[in-house]
Amino acid sequence: MGYVAVKGGTKAIEESIKRLKYERVKKGTAIELHKIEAGMRGLIDQVMSESSLYDQTLAALAIKQAEGNPEEAVFLLRAYRSTLPRKHVSRVISSENMKVERRISASFKDVPGGQILGATTDYTHRLLDSELEQESDISIQDWLRAFQDENHSIENQDHMGDLNHLPKVLDYLRSEGLLAGCENNDLQPGDVTRKSLEFPSMRSERLQILTRGQTGAVTSLAYAVIRGYGALHPTVGELRVGQLPVHLDHPLLDEGQEEDSYYIGDFTATEVEMLIPLTVEKDQGKKEIEFEVGYGMCMGQNETKAIAMGILDNCLEKPNKEFPSHNEEFVLYHIDSVESTGFISHLKMPHYVTFQSKLDSIRKSKDKTTEQEVGLHE
Amino acid sequence: MSVLEVPVLSVKQLNKQYGNGCSTCNYMKLGKVTKNYCHECGTVYACRGVTFDLHHGEVLGIVGESGSGKSTLMKSLYFDEEVTDGDMYVAGFEDGKKNLFMESAQKKRFVRNHLMGKVYQNPILGLKMNFSSIGNIAEKLISAGNRHVGSMETRGAELLEAVNIPIHRMKEEPRNFSGGMQQRVQIAKALSNNPPILLLDEVTTGLDLSVQASVLDLIKGLQRDLNISIVLVSHDLGVIRMLADRTLVMLEGKVIEQGLTDQILEDPQHSYTQQLVHSLL
Amino acid sequence: MNKTYNFAFFDEGSKREIRRATLKAIAIPGYQVPFASREMPIGRGWGTGGLQLTLSLIGKDDVLKVIDQGSDESVNAVNIKKLVSDTTGVRTTESTADASLIQSRHRVPEVPLQRDQILILQVPLPEPLRNFEPSEQETKKLHAEREYSGAWLMLFEQIMKYGIMATDADHPVMVHDRYVMAPSPIPRFDNAKLDDSEALILLGAGREKKVYALPPYTNVSSLAFDDYAFEIESFTNHACILCGSNDLFLDELVDGESGETYFQCNDTSNCLEMVNQKQISGVK
């Protein structure tokens, strides 16, 4: 009898897992975690950002286990993240204190503090570099020594200014009166990993879901917005990549003071402030243009995603029934990697009880139709 | 007091504003505004102190230009939007003694489902375009508690026939229908559970003249046969003249004139009404 | 047992939080309680809602049964069972009567449940009104106001189109005359087992982040019209080829060689028990 497709499961699973391991190791060479950490910064940054877990080593482990498949790697880290108790909450991090490594503005050529290109692929020619085939640890170390000597002499010239306190483009616009000031919102932010989302959502919740969103999904939706399936036309006010310091309050002191707090390390982040022009109607139909800000912030260097996030942030601030990209349920419910890939892949599961039930319905409705036709002929 | 003297619907001092108001427009006291709009804070005072009664079997017309607040008024009456303040009493609900605007969402829904019907200017708002026409009518009946398919089908067919929709098309979705037909399905739906109050919001606007005439005839016939009370909103004084017993004229959110329709047409008092009547002639 | 993780995978704080949502669900039968669904080591849509309930409730003395589409041996059931026993070390069983916790996808076991048992159903789409109204904010309002015309209207439309209520699995139910609830994609055949159940029934939707419950002895009725009764799947004139039952939910199968259709119990462990009983009484 043919009734084995979904039985004998225990044995089948064991064999399948063995087969999977074989696929991972069949070439006979192991990839070490430190090599993943050393050479796969882009993938690590993407995986950390979508997992919302900042740990390069764990990310490297997940990438190794997932054979480099980001969807699987994120899945592994998210599941691991669920088991971690929440012991501390950091002090508020002010992004003005970023140790900037890269900073550009598309809005101003001569931005106060200057444009800092930093490390970017933007101006590389996308030509396959066959020299990398021959790259060895020795050639890398030689290059590094030369690079450090060169850098050392640059730092000595000391014309870089203070990279820890660069002025923000938005502050300049505010001082020029082109951008309305905004009050600090000191409300306790929501936490989408601890409380299920309810609508209308808070902005803090929206930003969390956007920053955890699948890179491709966030990018595609934002692309749809600027191509016309949305109602805004943004420019990059400022994009920064750099290190942000994290401080914890002393656990035993009630009123945490900054000087009592502990510095526990830095993390790399990409921060984007998008400028979105908005026509506002003033007195007697007189129209003026003002700027609004869309905010993007991702762990690691994830520039496209951070820009896309800034676009969607502003879209969701302005609900618009004409465009799904301005509908918070549409955007927030569908960009999460673990949720979307899980539900799509669950279609692989057997559905034969439901199918049997559907067969029954179809047969009965056919009987009914025949009955009625017979009735008509009689 | 006889039943006939108790209004079927009574609205008192209905106010509806969009925006929070500010010190310039003096919130509801209306200091400095142009028309019904505050330039300082952008608040729109869409309805200002609207008060009227609707009597049994009466057709009450509300006329005014776009932006006069008449559609906002209709949305408020059907609870599509929440009012800023004011009272509304309906004879069939708690003996007409409870202010419906202060009642719970469930109670409001009860009144919508059992005591009112509404026909929207835009059929998309009044119909589910991807459900069958008979299903659209059944929705209203189900809301009012009906759980018998046969009786709903019969009632639906009867109503569709009354509004001149061929019975063999009753299982079709209204999105396949012309504008006039969609409007007639909406009317059938609104009438399905014999509501004592029918709200008609610009029901003929945007239809061809001949279709307009047939829809107006239909309403007139139904009103006569069912003796239903109707609030009818239109910017078109011609429609008002044909159907309304009594008329309110609205401008900038306020009722500026009211009276018997004939009286308003023949002897308009307010300069705006005079202008309106003049343009009709 | 996997020692790198806490007992039952989660940290205790997370378990408590899920239990709090579950208690609320039990207190309001049929009401969907939002909860902070965690990312799990199995895929969203693969039973994470049920699994979170199981893990938050399971204790060392529990005996666990997991079934998927009626079968204890299906890959997915085995996989979930393995994860729970790896992280807890609890005993598992295939016998419905021996289990204290039963996690199931798309079936209620044929063996009647007892008062000390808990049935946990996996739910893909918890919102019975979703096809009528796509917005969560709106459906929440409809539930609050007990406005269920939409649920009935969907059935009415099916009658208009097909002449019958053409629902398959997941036919909506009314719970205690208050909330319309999606019973999860169990066949219509199983709807009656939810009514007045002796066991506590919990339903968990991981991806949609909802928990809901039917406490013991809750009234559960399948939506139907006065003149169109609710009908279960019928297997007229068919019986299980193995145990001979003709009043249970059957799978329709085709013999690969002869091409003939035959029927077999969907609840495999119950079928096995019936076969064994027959053999024992046959020996006597």
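1. How many helices and how many strands are there in chain A? In this predicted model, chain A holds 13 helices and four strands. Its radius of gyration is 27 Å, whereas the globule rule gives 21 Å for 378 residues; the value is well over the rule, so chain A is more spread out than a compact globule. The box filled by the C-alpha atoms of chain A, taken along the principal axes, is roughly 95 × 75 × 55 Å.

2. Burial and contacts in chain A may be read together. Of the 378 residues of this chain, 29% count as buried. Among the contacts of chain A that join residues at least 6 apart in sequence, 64% link residues at least 24 apart.

3. Chain B has ten helices and nine strands. A compact globule of 281 residues would have a radius of gyration near 19 Å, and chain B has 19 Å, which agrees. The C-alpha trace of chain B spans about 60 × 45 × 45 Å along its principal axes. Buried residues make up 46% of the 281 residues of chain B. For contacts in chain B with a separation of 6 or more, residues 24 or more positions apart account for 65%.

4. Chain C contains seven helices and twelve strands. Its radius of gyration, 20 Å, is close to the 19 Å that the globule rule gives for 284 residues, so chain C is as compact as a globular protein of that length. Along the principal axes, the C-alpha trace of chain C spans about 60 × 55 × 35 Å. Of the 284 residues in chain C, 51% are buried. Residues 24 or more positions apart make up 62% of the contacts in chain C with a separation of 6 or more.

5. Chain C is divided into two domains: domain 1 covers residues 12-222 and domain 2 covers residues 234-284. The centres of these two domains, taken over C-alpha atoms, are separated by 27 Å. Where the domains meet, domain 1 of chain C contributes 13 residues and domain 2 of chain C contributes seven residues. The side of domain 1 that touches domain 2 consists of four nonpolar, four polar and five charged residues.

6. The largest nonpolar core has 193 residues, and the members that touch the most other members are Leu312(A), Leu232(B) and Ile201(C). Helix α10 of chain A (residues 303-317) provides the largest share of this core, eight residues. If residues up to four places away in sequence are not counted, Leu232(B) touches Val59(B), Leu60(B), Gly61(B), Ile62(B), Leu200(B), Leu243(B) and Ala244(B). A second, separate core has eight residues, among them Cys240(C), Phe263(C), Cys265(C) and Cys271(C).

7. Just after α5(C), Gly163(C) takes a positive phi of about 80°.

8. Is α5(C) largely enclosed or largely open? Ten of its 14 residues are buried, so α5(C) is largely enclosed by the rest of the structure. The buried residues include Trp152(C), Leu153(C), Leu155(C), Phe156(C), Ile159(C) and Met160(C). Ser149(C), Gly150(C), Ala151(C) and Glu157(C) are buried as well. The elements that cover these buried residues include α4 (133-143) and α5 (149-162) of chain B, together with α4 (136-144) and β7 (179-181) of chain C.

Methods: Residues are numbered from 1 along each chain as its sequence is written. Chains are lettered from A and ligands numbered from 1 in the order in which they are written. This is a predicted model: local features need pLDDT of at least 70, side-chain atom pairs count only at pLDDT 80 or more; totals for chains, interfaces and linings use all residues. Helices (H or I, at least four residues) and strands (E, at least two) are DSSP runs, numbered from the N terminus. The radius of gyration is taken over C-alpha atoms; the globule rule is 2.2 Å times the number of residues to the power 0.38. A residue is buried if 20 or more other C-beta atoms lie within 10 Å of its own, exposed if 12 or fewer, and partly exposed in between; C-beta atoms are placed from the backbone. Two residues are in contact if their C-beta atoms, placed from the backbone, lie within 7 Å. A nonpolar core is a set of buried Ala, Val, Leu, Ile, Met, Phe, Trp, Tyr and Cys residues joined through C-beta atoms within 7 Å. Domain bounds come from an automatic or database domain assignment. Ala, Val, Leu, Ile, Met, Phe, Trp, Tyr, Cys and Pro count as nonpolar, Asp, Glu, Lys and Arg as charged, and the others, Gly among them, as polar.
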